[in-house]
Amino acid sequence: MVLGLAVGQRHRGDRMRDWARLVFFLLCLANMVLLGLALARAARPGWAAYQRSYHRLEAQYEPDAAAKAAVEGTPVAIAQIILPGLQRVDRCTTCHQGVENPAMKGAPEPFSYHPGISRHPPSRFGCTICHGGQGLATDLAAAHGRVPHWPQPLLPSEYVRASCGQCHTKGDVPGVPELAEGRHLFDSHGCRGCHRLRGVGGTIGPDLSREGATRRDPAWLERHFLDPRAVSPNSVMPNFHFTPGQAKELTYYMLSLTGEEMSSYYTSESVIPSVPYGRELFARKDCIACHSIGGVGGKSGPDLEGVTRRHSARWLDEHFVNPKLVSPGSTMPAYDLTADERTALIRFMAVATGKDAEALLAGGAKSLTPEEAAVEAGARAFVHYGCVGCHGQGAAGGVANPNSQGGQVPSLIHVADDYKKSEVMAIILDGKTPAMANPSKPAPPLTMPSWKGTVNEEDLHNIVEYLWSLKPRGESSRW
Amino acid sequence: MLKSILRSIFRGDPPSTRKGRSELVFYNFWLHIHPAKVRKEHLRLRHTGYLGFVSFFLLLILGVTGLALMFYYHPYPARAYQDMKDLQFVVFLGPFLRNMHRWAGQLLVVAVFLHLCRVFYAGAYKEPRQFNWVVGVLLLFLVLTLSFTGYLLPWDQKAFWAITVGTNIVASAPLVGPVVKVLLLGGHTLGTQALLRFYVLHVAVLPGLAAALVMVHLWRIRKDGGLAPSPFQPEESSPPARERPIPSSPEKTYGLMGIVTGKPAFEVLVPEEEEAVFSYPYAFLREGIAFLATSAAVMALALLYNAPLSEVADPSKTPNPAKAPWYFLGIQELVSHSPALSGILLPSLLVLALLLLPYYDGNPSRRPKDRLLALSLFALVVLAYLVLLLIGLYFRGAGWSWVWPWAKGTGGTA
């Protein structure tokens, strides 16, 4: 500027017309305007307006004018919850200021109170671990994650509960039956046969360990479960004809598989010690073999009805850890139970009745010979590793595999007639590519993957024992 | 009091006298690279386009904004991307600073390239300015390397894969390629070590080298006799009639240079009164305009367009296609045809040809009509590279297959 004004003076020998002075001056102005615009934009962030409205809302509850003015004059600042254990920083409370203020029940968004999160306080959990969105952002569209290049938009509210499954990876979560159901469907339909999950499973389909993070799209997932080819036309995944309810449950389960890295604070309570989980444990550990409830069940241990009234929860817990120490002369073995599992069992025993015992007995707690036990374990392993996904429930086949011999993944019911046990084990370990029915057409999409390194020796033998047990009786001379 | 302070800073006569205006340039550390008087012709926009100044000012803007950004940046993968988000959402003027740095960097690549073209077309690399051309070409490579190293720092998908592609192009060079790649990355894949190396190169090594070369570049302009006269001057070979050479004479002092060599390196052509003006204020005013126009353009771009930032870098998720930074897309296009021959050998030869240009171009004339072959060859090479670049930018989709830019969802820009 100084330079520009100085040019006003004319000197001898300066014979240039000087339009430059004007241009210089105008460009000075332009630079100042542009800098001013940048400063103005930086000085008036959108979140500050929200905070001022919140302060006005808060001021309503103040008794006198001085207090009102003080509240309304609270300086605005970015609020953030730093969560090293979740590797996040959530700035959502910059606008959602009333989340922990019960007085804001029913207040207009974004200020309303969030009920029912006393066990998961925002100070330890933040917001985005459940809701998704972009915690680092401080403007509306970006924070809600509905912008390009942010893979985790806010979950629609009806799917937010799926996020519980990120930490509560086992047992059932109260209020979210979909998670346990989805997990059960995943195991029983043999999804692991093609999909790897946390290091276990086949390689025909994509690894699902981070599916909830990479494909955070409930609508897509649900349509995919109803008909895989409706959303990915080249998918080789068979249509399992899930009901809409099942598709939703599986979607919940998928959304919970985010592969999020969390510190032990968040993973330590992976199991919620609920009554249903206690019942499940009670059945799995076969407690009814020795104990009775309300007179129904085994007789070698004491009856368990009212046991929680006879003993304190603390006594029972210590008894689980070391029965002989707490109750000398007890013949009960010390089971390897976690604290959550012990609590779940105690909670179940507090409400268990004779009816539960009958149900448990009907569920088939029978004594098994070693051979029968191997077949039983083999059947479980056949489901666990996902063999049922392709070979069908009960190994009965029926899953289409275009251009293979017979057009289907083979049934394994008659495998004992055609193979030796060692041959079947070799196929499981090395994998097998099905022969083509028509060599000129594309190869069959489904192949037997190699399970070497995934299936251990014991499971391998048990699976073979299970397959041999499938041969229909009286048909051994079929060939 | 104030007057004595000012007098201690500005020692020369006041600029109201001719002597004062000479001394203002002469006694000022920051201005003394200028001559006291400049030719009017050289101040015209059409003579240089002020492209050298624009490049210099862009470098200044990049230095200042870059320094500011350094206060907020941690060069390790777990933090780098979050720092970008913090700049965007919580740092005061953060988005503006990052946008300015980004767009100034991109403009610099363009400005330096245009500057090179301008100097080529004016034939200004010819005697006695051969070496300054070489310095200029080296500066062009420094600018490209600066831009390339800066590209990685946001640590997003685009950065990660563009640099992966870029370093793989480097690795496909014969003999030294793989070694250079390992040196650059501090390993075989892009990771913590690579980010740190790119950061140190970007904020210390390369700016230092560039600053040194810029100083040499500017200093050489004066030592090579100032800006080259217009190539359209009617009589090129003999000095214009109005300029009279000052003969070296024992009675006259020429300053330190004169004492050292006994006579000036070049005979100084003192322009006649009516052809020249004092640098103060005319040249400085115009340089000021160049600076203000550059900064206004960068600020306007920074206000209008946000610097891109894609998802956080994920080494397990390769985008298809993965594209190098835009100015290298021509080379990536060549590499896609034949990595060794057209991808590395051809560009290397071109670089060498560019660097040594003043030494094999034996044509002494700077007039365009005497240089038709050189001009058309240069235009051909530039045009060919631009076509390849545009193909890489707009016409390449998944698997580097040909796609039309208007075909939906398959293409993509780098």
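A salt bridge is a side-chain nitrogen of Lys or Arg within 4 Å of a carboxyl oxygen of Asp or Glu. The structure is a predicted model, in which local features need pLDDT of at least 70, side-chain atom pairs count only at pLDDT 80 or more, and totals for chains, interfaces and linings use all residues. Residues are numbered from 1 along each chain as its sequence is written, and side-chain values use heavy atoms, with hydrogens and water left out.

**View 1. The interface of chain B and chain A.** In this interface, 38 residues of chain B are in contact (heavy atoms within 4.5 Å) with 41 residues of chain A. The two chains bury about 3,400 Å² between them, 67% of it on carbon and sulfur atoms; buried area is the accessible area (1.4 Å probe) lost by two parts on being put together, summed over both. B:F89, B:L285 and B:L303 supply 20% of the area that chain B buries against chain A, more than any other three residues.

**View 2. The salt bridge between the chains.** The rule finds one salt bridge across the interface of chain B and chain A. The side chains of B:D86 and A:R91 meet in a salt bridge with an N to O distance of 2.8 Å.

**View 3. A salt bridge within chain A.** Over all chains, a search of the whole structure finds 20 salt bridges. In one of them, the side chains of A:E178 and A:R161 meet at 3.2 Å, N to O. This pair links distant parts of the chain, 17 residues apart: A:E178 lies in helix 8 (residues 177-188) of chain A, and A:R161 in the loop between helix 7 (140-143) and helix 8 of chain A. Helices here are DSSP runs (H or I, at least four residues), numbered from the N terminus.

Notes. Chains are lettered from A and ligands numbered from 1 in the order in which they are written. Helices (H or I, at least four residues) and strands (E, at least two) are DSSP runs, numbered from the N terminus.
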